[in-house]
Amino acid sequence: MASPEDTTNALEFYRKALNYNVIGRYDPKIKQLLFHTPHASIYKWDFTKDEWNKLDYQGVLAIYLRDIEEGTSILANESEESNLQDTVSSTNKSSVNSNQKNNSKKNKGFSYTPQHYSSGIVLEGKDIYNYGLIVLNRINPDNFSMGIVPNSVINKRKLFDPTENEKNPLEIMGVEVKDDLVIIKNLKHEVYGIWIHTIADRQNIYELIKYLLENEPKESFA
């Protein structure tokens, strides 16, 4: 008979496998699940009113490693660009193409096939998102997602690819913990707050995102 510890480990393995497979439906480039927590809610900072607005995203939050190929383009074609909104904010509720109209769930923000988003503004150029953050939404059909890029990648892009940077300027991301929220500044200077039900996971997620931003991108984690 399995011990309680073995049962707990088996359930955790099952949850990770399930979350990995579900995320893979939205981002086929998922390579490794780095962290997940059972319940999170998303807020966005309103700079005009100096207050947090709660968004309609609640559910499992996961952070994961992506398998990106150098030079992969995320540039949308002209017919698709008018339908696109970017990472972490929201995707147009109408489908981007006819094949997507039958999908039961969509990502708000960081769309993966073939376009990628980053915070309300369409991102163009190369797929440089080494990591992804996603909330698998329980309250409506749209998921919340955000690309995470190490600061070194953004700085090198400015230095070695000034043409691309001028065409599609991106700024380094930031993360902090304040007022029970993990606060993230994305590549377009939009600010999102993540409330996490499991208190210990707030610090864990903060430390993980901080590590991902401050270190060179990795191909795998032990």
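These questions and answers cover a predicted model of a protein.

Reader: In what order do the helices and strands run from the N terminus on?
Author: The predicted protein has five helices and eight strands. Read from the N terminus on, the order of these elements is α-β-β-α-β-β-β-α-α-β-β-β-α.

Reader: What share of the contacts in the protein with a separation of 6 or more comes from residues 24 or more positions apart?
Author: A contact here means heavy atoms within 4.5 Å. Among contacts with a separation of 6 or more, the share from residues 24 or more positions apart is 64%.

Reader: What percentage of the residues counts as buried?
Author: Buried means under 20% relative accessible area. The protein has 222 residues, and the buried part of them is 45%.

Reader: How far apart in sequence are the parts that the pair of Y57 and F144 ties together?
Author: Y57 belongs to strand β2 (residues 51-66) and F144 to strand β5 (residues 142-148). The pair therefore ties together parts whose separation in sequence is 87 residues.

Reader: Is F144 buried or exposed?
Author: The cut-off for buried is under 20% relative accessible area. F144 has a value of 0%, so by this cut-off F144 is buried.

Reader: Which residue forms one aromatic cluster with Y57 and F144?
Author: Y57 is buried, at a relative accessible area of 6%. Together with F144, Y57 forms one aromatic cluster that also holds Y192.

How values were computed
Residues are numbered from 1 along each chain as its sequence is written. This is a predicted model: local features need pLDDT of at least 70, side-chain atom pairs count only at pLDDT 80 or more; totals for chains, interfaces and linings use all residues. Side-chain values use heavy atoms; hydrogens and water are left out. Helices (H or I, at least four residues) and strands (E, at least two) are DSSP runs, numbered from the N terminus. Buried means under 20% relative accessible area, exposed over 50%, partly exposed in between (1.4 Å probe, protein chains only). Rings of Phe, Tyr and Trp (its six-membered ring) pair if their centres lie within 6.5 Å; planes under 30 degrees apart count as stacked, over 60 as edge-to-face and the rest as tilted.
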